[in-house]
Amino acid sequence: MKLNKNIKTTLLSSIIIIATSYTSTVLAHDYTDSLKAAFGASATDLYRIDCSQDAGAASQSPTHQLFIQINDGSAAGGKLSATASVFTPGFGKALTVTDPTGGDGVASPSKLLTVIGADQQDNQFFIAVSHSATGLKNYELSYHCQDASGQHTGTSLPPAILQNQ
Amino acid sequence: MLFYKLLKDNIAVSVLIHCWLLFFSYSSIAQSHASKTSSNQLASNIEFYQASRFDDLRLNIKQTSVGQIIKLLHDKTGVIFHLYNLPEEQITLNCQGDLKAVLACVMGGGNIIYRYNGHSRDKTEIAEAWILPIAINSYPVDNSKKTNTKINTYFTSNIRIDNTAQLLKDVENPKLRMNAIERLAIEGQQGDLAVYNTLKKSLSDSNPGVRVQALYGVIRQDQENILPFLQHAMSDSDADVRLTAVENCADNPWILQQALNDNDSNVREFVKAKLAIQNTSQQ
């Protein structure tokens, strides 16, 4: 009985040790671009992300969500935000990530935008990048299509550019 | 709390944890020792002479990999190197000259981009270098005028094209011109000569926003012959235009080199971020 208890305790301790020492790196598609000063505070870049089944991707499962994060590389130009959206006929949803301080090397918190309805092999998301004040602003957009367990599915890189300001 | 309770209740667990910590400490020491050993071994394969920090360098290299040579140069000169998929085979050769000449000798030419130390008196002191793989468009810009034979030569009856050209000619409001060129750049049919010519004319517009959109549109129209446009854009007075050129230059070393030494910090920081992402994606 005491031996069983010791084994259980040891096993549980090992799991805790392994769990606390394991570090994971979220691998995402990174894309750099900029908002030009000539377009003022209303400058907006617009992208389309195509999610698909890709034999080279970590997961062959249908796409469930889009991982999104943005890193503002410039102090000027106010706060930088990226709004991700997804649509089906008659429906749509969106969320926004914001990097409050530009040029500090710290990205915005990341967020996940889930698809509408059932997961699908092929899906499209849209990302609009904008800022709150006039000024030239460099940024790094991180995004990835994921299945329900967070594994990467096929993701287009570079994104299709729908508007470039 | 659970962790400490476990420790308190079970001495065997404590022993296990200590063994684990000792194992990782040993691994670190072993790794450090191994790197020292390989460094000594490396030194015996390379003879290095250095009259000054960056000038009159001489390397006699015997059966050493490019990565190890670059590491030595970093140790001797303090220059930070960024490497991309270097060849792994070992080389034997002799190189002599300033740092640039030695690097060109080691890399067999190659695409190397330098950032200079802005604090040095003559601003030729190299602070950082990116050694890129061979770029797709890695040839010097040919400034001779060439007609583009790949663009379709038919004229469209697209009303939008005609209106845009007229709009650009007559409208003084730069925002309207900007919007017109922007839509033409995105929505204009690729391979359409009328679209292409309209965008080309707008490259010399007085408004930088129009020039940005025109440059982007020209690049979309004809990606095989963009180098002259990119090179011209890099001498534009407006940072927005130069940034657009850098965004769309892929890994062209001439454009990236110019951008790295641009007088606008946004352009310099952008190219560094672009190179950093390229480095990450190739590891």
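These legends describe close-up views of a predicted model.

**View 1. The four-stranded sheet of chain A.** Four strands of chain A form an open sheet in the order β1-β8-β3-β6. Their pairing is antiparallel. At the edges stand β1 and β6 (111-114) of chain A. Each has a single partner strand, so one side of each is left without a neighbour in the sheet. On average, neighbouring strands of this sheet are turned by 30° against each other, direction ignored. Strands of a sheet pair through backbone hydrogen bonds, either parallel or antiparallel.

**View 2. Strand β1 of chain A beside its partner.** Strand β1(A) spans residues 29-35 and is mostly covered. Of its 7 residues, 6 are buried. Which strand does β1(A) join through 7 bridges? The partner is strand β8 (residues 137-146) of chain A, and the two run antiparallel. His29(A) has Tyr143(A) as its bridge partner in β8(A). Ser34(A) has Asn138(A) as its bridge partner in β8(A).

View 3. Pro158(A) sits in a loop of chain A. That loop runs between β9 (154-155) and β10 (160-163).

**View 4. The three-stranded sheet of chain B.** Here 3 strands of chain B make an open sheet, ordered β1-β2-β4. The pairing is antiparallel. Strands β1 (46-50) and β4 (90-97) of chain B are the edge strands, and each pairs on one side only. From one strand to the next, the twist averages 10°. Between β1(B) and β2(B) there are 5 bridges, in the antiparallel sense. Across this pair, Ile46(B) has Ile61(B) as its bridge partner in β2(B).

**View 5. Two helices on the chain B sheet.** Helix α3 (residues 66-77) of chain B lies across β1, β2 and β4 of chain B. It runs at about 145° to β2(B). Helix α4 (residues 99-107) of chain B also packs on the sheet. Which strands does α4 of chain B touch? They are β2 and β4 of chain B. The direction of helix α4 of chain B makes about 155° with that of β4(B).

**View 6. Two residues of chain B with positive phi.** Gln63(B) has phi near 45°, a positive value in a residue other than glycine. Gln63(B) belongs to strand β2 (residues 57-65) of chain B. Is Gln63(B) buried or exposed? It counts as exposed, because it has 10 C-beta neighbours inside 10 Å, and 12 or fewer is the cut-off for that class. Ala250(B) is also a residue other than glycine with a positive phi, near 55°. Ala250(B) lies in the loop between α10 (239-247) and α11 (253-260) of chain B. With 16 other C-beta atoms within 10 Å, Ala250(B) is partly exposed.

**View 7. Helix α6 of chain B.** Helix α6 (residues 174-187) of chain B has 14 residues. From its first C-alpha to its last, α6(B) reaches 20 Å. That is close to the 20 Å expected at 1.5 Å a residue. Which residues of α6(B) are buried? They are Arg177(B), Met178(B), Ala180(B), Ile181(B), Glu182(B), Leu184(B) and Ala185(B).

**View 8. The crossing of α6 and α7 in chain B.** Two packed helices are described by the angle between their axes and the distance between the axes. The axes of α6(B) and helix α7 (residues 193-201) of chain B come within 11 Å. They cross at roughly 140°. The two helices are therefore oblique to each other. The crossing of α6(B) past α7(B) is left-handed. From α6(B), the contact uses Ile181(B), Leu184(B) and Ala185(B). From α7(B), it uses Val195(B), Thr198(B) and Leu199(B). The three contact residues of α6(B) are also among its buried residues.

**View 9. The surroundings of Ile80 in chain B.** Ile80(B) is part of strand β3 (residues 80-83) of chain B. With 12 C-beta neighbours inside 10 Å, Ile80(B) counts as exposed. Leaving aside neighbours within four places in sequence, Ile80(B) is in contact with Ala127(B) and Glu128(B). Ile70(B) is 10 residues from Ile80(B) along the chain, and their C-alpha atoms are separated by 9.6 Å.

Note on methods. Residues numbered from 1 in each chain as written. Chains lettered and ligands numbered in written order. Predicted model: local features only at pLDDT ≥ 70, side-chain atom pairs only at ≥ 80, totals over all residues. Buried ≥ 20, exposed ≤ 12 C-beta atoms within 10 Å, placed from the backbone. Expected span 1.5 Å × (residues − 1). Pairing = 2+ DSSP bridges. Axes fitted to C-alpha atoms, helices over the stretch in contact; angles between N-to-C directions. Contact = placed C-beta atoms within 7 Å. Parallel < 35°, antiparallel > 145°, perpendicular 65-115°, else oblique. Left-handed = near helix turned anticlockwise from the far one by under 90°.
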